[in-house]
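Please have the sequence and the coordinates open as you read.

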Amino acid sequence: MAQPLVRVSVSEREEKALHYAISGAMHHPLLLVLVKVTIFSLMLAIGCNLSFEKMRSFWRKPALVFRALLAVVVLVPLVVILLLKLFNLPPAVMIGLAILAASPGAPLTTKRSQQAGGSFHYSASLQLTLAILAVFVTPITLAIFAALFASISQKVAILEVARQVIMVQLLPVSLGILMQKFTPTFTQQIAKPLTFIANSLFLGLVVLVCILGLPMFSKVGELPLVAIAIMVIASLGIGHALGRFDDDTRSTLAIFCIARNFGLALFIAILNHVQQQVIPTLVAYLILGAFVGVFYSFWNKCRLP
């Protein structure tokens, strides 16, 4: 009868050892450095590759811009607010979903929207616009969530988030745009290798976080997974409904609504020392969002003439 007790004890020790190892990795200072470097390089690559002139032509279509921003930065966070009000979710899941709602403009969204049959110029202009506006959108959205939910206000420092977003998001994008204007030849030469390095860093970061988060994925719970699935599907539906009646912009906006900025969300979590609690939620959203996004892209490509 003693043997099963020994097995349980060993299993518990192994689980605790794994927990401490993951906790140590999540709180390691190098993780924050990696996230900062990744976001900075991604935003610099966006600034170097995407045309500011084309973005200005996008801004000259106020109805198009209004629908896009309404969908991505207003209605998707509103869906999350309703979910947090309707579902009795754990505080860690609430914080994770709030951070995702406040992090629009995922780095690889232009490529993903093209795979769904979207317009490159529209998606590129929208991505650059969201990268610039994130310095205002992210802190304001988080402030709204903090005002509505006490569990979020106790964990998220809004002013520090705003300052850091300026450093890792607005600064490199602006630098890339200025490089396009004043050193176009040099910028054109480094744009592709910079994009490759930035995308490789981002994919490596995603893999690392998934490795750290997957052991805790089973602890997310059924109700949080249902809430995340609703957020994913509702976000996709909002973008598809508010996209213009031509299929190029409709599929693009649908992908932009569903694709939240994973790197920025992780960065905010680390800044506020809640990465260990929210990484399972971020990973769950990443997996469900990717699955639904791929299914939507395949369906949209099939229905296009």
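The numbered points below cover the basis of the model, then its core, helices and surface.

1. A word on the basis: this is a predicted model, where local features need pLDDT of at least 70 and side-chain atom pairs count only at pLDDT 80 or more, while totals for chains, interfaces and linings use all residues. Residues are numbered from 1 along each chain as its sequence is written, and side-chain values use heavy atoms, with hydrogens and water left out.

2. Let me begin with the core. The largest nonpolar core has 93 residues, and Leu84, Leu97 and Phe145 touch the most other members. Helix 4 (residues 62–86) supplies the largest share of this core, with 12 residues. A nonpolar core here is a set of buried Ala, Val, Leu, Ile, Met, Phe, Trp, Tyr and Cys residues joined through side-chain atoms within 4.5 Å. Buried means under 20% relative accessible area, exposed over 50%, and partly exposed in between (1.4 Å probe, protein chains only). Helices are DSSP runs of H or I with at least four residues, numbered from the N terminus.

3. Leu84 deserves a look of its own. Neighbours within four places in sequence aside, Leu84 is in contact (heavy atoms within 4.5 Å) with Leu89, Met94, Leu97, Phe145, Phe149 and Ile152.

4. Next comes Thr129, in helix 7 (residues 120–148). Thr129 counts as buried because its relative accessible area is 2%. Its side chain reaches the backbone oxygen of Ser125 at 2.7 Å. Beyond neighbours within four places in sequence, Thr129 is in contact with Met55, Phe58 and Trp59.

5. What do Phe136, Ile140, Ile144 and Leu148 form on the surface? They make up a nonpolar patch with about 390 Å² of accessible area together. Areas come from the Shrake-Rupley method with a 1.4 Å probe. Ile144 lies in helix 7 and is partly exposed, since its relative accessible area is 43%.

6. Helix 13 (residues 262–271) is mostly covered, with 10 of its 10 residues buried; among them are Phe262, Gly263 and Leu271. Just after helix 13, His273 takes a positive phi of about 60 degrees.

7. Finally, Gly237 sits in helix 11 (residues 222–242). Gly237 counts as partly exposed because its relative accessibility is 36%. Gly237 and Ala254 are 17 residues apart in sequence, with their C-alpha atoms 6.8 Å apart in space.

How values were computed:
Helix = DSSP H or I, 4+ residues; strand = E, 2+ residues; numbered from the N terminus. Polar contact = N/O pair within 3.5 Å; in protein donor to acceptor, adjacent residues only side chain to side chain. Patch = residues over 30% accessible without salt bridge, like charges linked within 9 Å, V, L, I, M, F, W, Y side chains within 5 Å. Salt bridge = Lys/Arg side-chain N within 4 Å of Asp/Glu carboxyl O.
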